[in-house]
Structures are given as structure tokens and as C-alpha cells.
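Thanks for coming. I have one structure to go through today, and I will take it from the overall picture down to single residues.

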Amino acid sequence: MIKGGVKIGNGAVIGARSVVTKDIPPYAVAAGAPAKVIKYRFEQEKMDLLQKLQWWNWDTEKIYQNLDRLRSFDTSLLEEN
């Protein structure tokens, strides 16, 4: 359950049957009642890169063309966007 007005950051994962009463930051893993951040999915540098790239706004073709580079967190992707 997600309470009204709560924001869930990009790439965040919420555990099943959690009650989210506060904002959850990007790429956090949160669970419980009330939900608490348990850990983060990536190191801060990688999270910053993903947030800057906003790859989820890319068209499907561009994602597929850059899939290996996204998986390896290739920072040169920033120069191209």
C-alpha cells in the first residue's frame, strides 16, 4: 500500500505487503510496515549516472543499441546525450 502524496523514486523496489508512508529515494529497496529503506540497488556513482541518463525516456531502439553499455554503466553515454 502506498499512502497518498508519497513519491517513489526511479528504479526503487518496494517489498510485497509493504506500507509506504514516506518518500522512497531512487534505486532504494524498501519493505515493511511502515516501509523502510533496507539497501540501495547500486553504488551512488551508478545511481547518479542512471538518473542523469534517464534511459527510460529513450526509444526502444536506442535502449537495445546501448544495452551492453547500460549494463556496464558506461559513463561515455553521458557525452552522447
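Before the charges, a convention: Lys and Arg count as positive and Asp and Glu as negative, while His and the chain ends are not counted. Each charge is placed at NZ of Lys, CZ of Arg, CG of Asp or CD of Glu. On that basis the protein carries 12 positive and 10 negative side chains, and the centres of the two sets are 15 Å apart.

Now the ground rules. This is a predicted model, where local features need pLDDT of at least 70 and side-chain atom pairs count only at pLDDT 80 or more, while totals for chains, interfaces and linings use all residues. Residues are numbered from 1 along each chain as its sequence is written, and side-chain values use heavy atoms, with hydrogens and water left out.

Next, the fold. The protein has four helices and three strands. Those are DSSP runs numbered from the N terminus, with helices being H or I of at least four residues and strands being E of at least two. Read from the N terminus, the order is β-β-β-α-α-α-α. The radius of gyration is 15 Å, well over the 12 Å that the globule rule gives for 81 residues, so the protein is more spread out than a compact globule. That radius is taken over C-alpha atoms, and the rule is 2.2 Å times the number of residues to the power 0.38. The C-alpha trace spans about 40 × 25 × 20 Å along its principal axes.

Accessible areas come from the Shrake-Rupley method with a 1.4 Å probe, and for residues only the protein chains shown count as cover. The total for the protein is about 5700 Å², and carbon and sulfur atoms hold 50% of that. For single residues, buried means under 20% relative accessible area, exposed means over 50%, and partly exposed is in between, with a 1.4 Å probe and protein chains only. Of the 81 residues, 25% are buried.

A contact here means heavy atoms within 4.5 Å. Among contacts with a separation of 6 or more, 17% are between residues 24 or more positions apart.

Which aromatic rings pair up? There are three aromatic pairs in the structure. Rings of Phe, Tyr and Trp, using the six-membered ring for Trp, pair if their centres lie within 6.5 Å; planes under 30 degrees apart are stacked, over 60 edge-to-face, and the rest tilted. F42 and F73 make an edge-to-face pair, 5.2 Å centre to centre with 65° between the planes. This pair links distant parts of the chain, 31 residues apart: F42 is in the loop between β3 (35–40) and α1 (44–53), and F73 is in the loop between α3 (67–71) and α4 (77–80). F42 counts as partly exposed because its relative accessibility is 25%. F73, at 17%, counts as buried. W55 and W56 also pair, with ring centres 5.9 Å apart and planes at 75°, so they are edge-to-face too. W55 is partly exposed at 31% relative accessibility, and W56 is partly exposed with a relative accessible area of 31%. Y27, F42 and F73 form one aromatic cluster.

Some backbone details. The peptide bond joining A33 and P34 is cis, with omega about 5°. P34 is in the loop between β2 (28–32) and β3.

R17 is not a glycine, yet has a positive phi of about 60°. R17 sits in the loop between β1 (13–14) and β2, and is exposed at 83% relative accessible area. Q54 is another non-glycine residue with a positive phi, near 45°. Q54 lies in the loop between α1 and α2 (60–65) and counts as partly exposed at 38%.

What does N66 touch, leaving aside neighbours within four places in sequence? N66 is in contact with W58 and L77. N66 is in the loop between α2 and α3, and its relative accessibility of 9% counts as buried. From N66 to W55 is 9.7 Å, C-alpha to C-alpha, and eleven residues in sequence.

The other is I14, in strand β1. I14 is partly exposed, with a relative accessible area of 27%. Not counting residues up to four places away in sequence, I14 touches I8, V20, I24 and A30. I14 and M1 are 13 residues apart in sequence, with 9.7 Å between their C-alpha atoms.
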